[in-house]
Amino acid sequence: MSSRRLAMVVSATAATAVAATFAVVLSGAFAGREGQAAPAPLVTSPHGHSVAVKTPPEAPLRAGERFVTLRMPTAYTPKAPAAPGTDDYRCFLLDPGLTAKSVVTGINVLPGNPDVVHHVILFRVPPDKVARAEEMDRLQVGQGWTCFGGTGVESQGAGLNGAPWLGAWAPGGGERVLAPDLGMPVEAGSRIIMQVHYNLLAGQTADQSAAKLRVAADDGKRKTLQTVLLPAPVEVPCRPGHTGPLCDRKAAMADVQQRFGLAAGRIGDALHLLCPGNKAGPTQTCTRPVTQASTIWAVAGHMHLLGTTISVTVNKGKADERTILDIPVWDFDDQGSRPVQPAVTVGPGDTFTVSCTHDQRLRDMLPSFEGIPERYVVWGEGTTDEMCLGIVMVTRP
């Protein structure tokens with residue numbers, strides 16, 4: 001398989017699996033508003049972190065904007081599709097009712113039950129893919145369908161340097177409003193897929209999540225904000241003195257495939273072809289070439305509960321190296337993206353490097369791992385599996 005074809009395959013599965021990021025990916029260049037409220041009391045999240053409860057007021061509509069609310073038709077009670085899984089990825093097909101070409105200028109994801117919602121991603125479904133999405137919905141009993149590794153619809157156009165996302169939510173996210181000169185185009189007759197990752201370790205209770213979109217007519221004057229996804233491998237062996245059947249990598253990979261299906265379960269191997277040279281250990285990296293001239297406005301990272309540090313660097317090891325994301329202490333419950341100021345312009349000949357460090361010792365500290373035996377950790381969809389993902393928000397000429 002060619003490296004270009006492999007990049008498309010990996011990004012259509014690994015990158016969209018993101019659990020990610022799950023930082024609200026609309027957080028690029030905003031209208032001077034991050035959606036943050038005054039400091040709030042800290043509470044302890046189900047993941048064992050201290051979290052500020054944020055309920056900021058909604059920003060007022062600007063001229064030409066209107067709200068469109070998308071909500072699951074009825075409450076959904078998640079369940080793991082396969083034992084011994086503790087995660088459910090469910091896709092819900094929603095209709096924004098757009099009758100003319102429009103742009104989305106902001107998103108506020110409203111998780112119905114934050115205790116069990118690990119992340120939410122909104123995907124655009126253009127009119128020529130609506131029939132396929134409706135078929136996916138019909139094939140399974142109940143509302144929505146199981147969608148580990150992606151929606152099963154969005155792979156068209158989801159190359160490494162672009163994903164058909166509108167936005168996403170993860171712990172620490174909130175309302176995001178784009179600057180007046182930015183937008184996310186959506187064709188008339190399009191649908192939206194809302195992918196929800198449910199963490200069943202927090203219980204198996206019903207959820208009815210929603211998303212509130214800011215929508216305006218597409219006058220052709222706004223630049224399109226796009227998402228560049230940068231996955232890297234995860235290869236963290238069991239600690240010395242810790243043994244068990246899943247401390248064998250082959251067994252751990254088989255377990256991931258059983259829980260999430262062959263396509264999503266093979267990402268751990270595919271990433272080694274995309275990102276050669278990594279050895280098993282706490283830190284993994286991946287360097288990818290920039291293929292199109294782009295201006296970087298914001299960046300975020302995504303890992304799960306064993307993550308400790310993550311960084312994204314432009315032109316690592318070169319004279320013009322610049323680190324655009326550096327999180328020395330990872331907090332799963334604070335995944336908001338960071339603006340890049342001043343914005344950075346890149347083009348062919350430049351590179352992105354994402355680097356992540358994970359630590360198995362966190363198993364002894366976090367409630368989510370209570371009663372879960374140690375394992376060889378590879379890329380996986382579950383809350384107690386791991387990921388390494390950089391998310392870069394760009395505009396292009």
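Predicted model: local features only at pLDDT ≥ 70, side-chain atom pairs only at ≥ 80, totals over all residues.
How many bridges join strand E17 to E20?

1. Strand E17 (residues 294-302) is joined to E20 by five bridges, and the two strands run antiparallel. One of the residues concerned is Val299, whose bridge partner in E20 is Arg338.

2. This pair belongs to an open sheet of four strands, ordered E14-E23-E17-E20, with antiparallel pairing. Strand E14 (226-231) and strand E20 (338-346) form the edges; each has a single partner strand, so one side of each lacks a neighbour in the sheet. From one strand to the next, the twist averages 30°.

3. Helix H3 comprises twelve residues, 249-260. The distance from its first C-alpha to its last is 16 Å, close to the 16 Å expected at 1.5 Å a residue.

4. The buried residues of H3 are Ala252, Met253, Asp255, Val256, Arg259 and Phe260. They lie on the same side of H3 because they cover an arc of only 160° around the axis. In general, an α-helix has 3.6 residues a turn, so residues three or four places apart point the same way.

5. The buried residues of H3 pack against strand E4 (87-94), helix H4 (262-265), helix H5 (267-274) and strand E22 (377-378). On the face turned away from the buried side, Lys250 and Gln258 are exposed.

6. At its start, a side-chain oxygen of Asp248 comes to within 3.2 Å of the backbone nitrogen of Lys250. Just after the helix, Gly261 adopts a positive phi of about 95°.

Technical notes. Residues numbered from 1 in each chain as written. Heavy atoms only, no water. Expected span 1.5 Å × (residues − 1). Buried < 20%, exposed > 50% of the residue type's maximum accessible area, 1.4 Å probe, protein only. Arc of directions from axis to C-beta. Contact = heavy atoms within 4.5 Å. Polar contact = N/O pair within 3.5 Å; in protein donor to acceptor, adjacent residues only side chain to side chain. Pairing = 2+ DSSP bridges. Axes fitted to C-alpha atoms, helices over the stretch in contact; angles between N-to-C directions.
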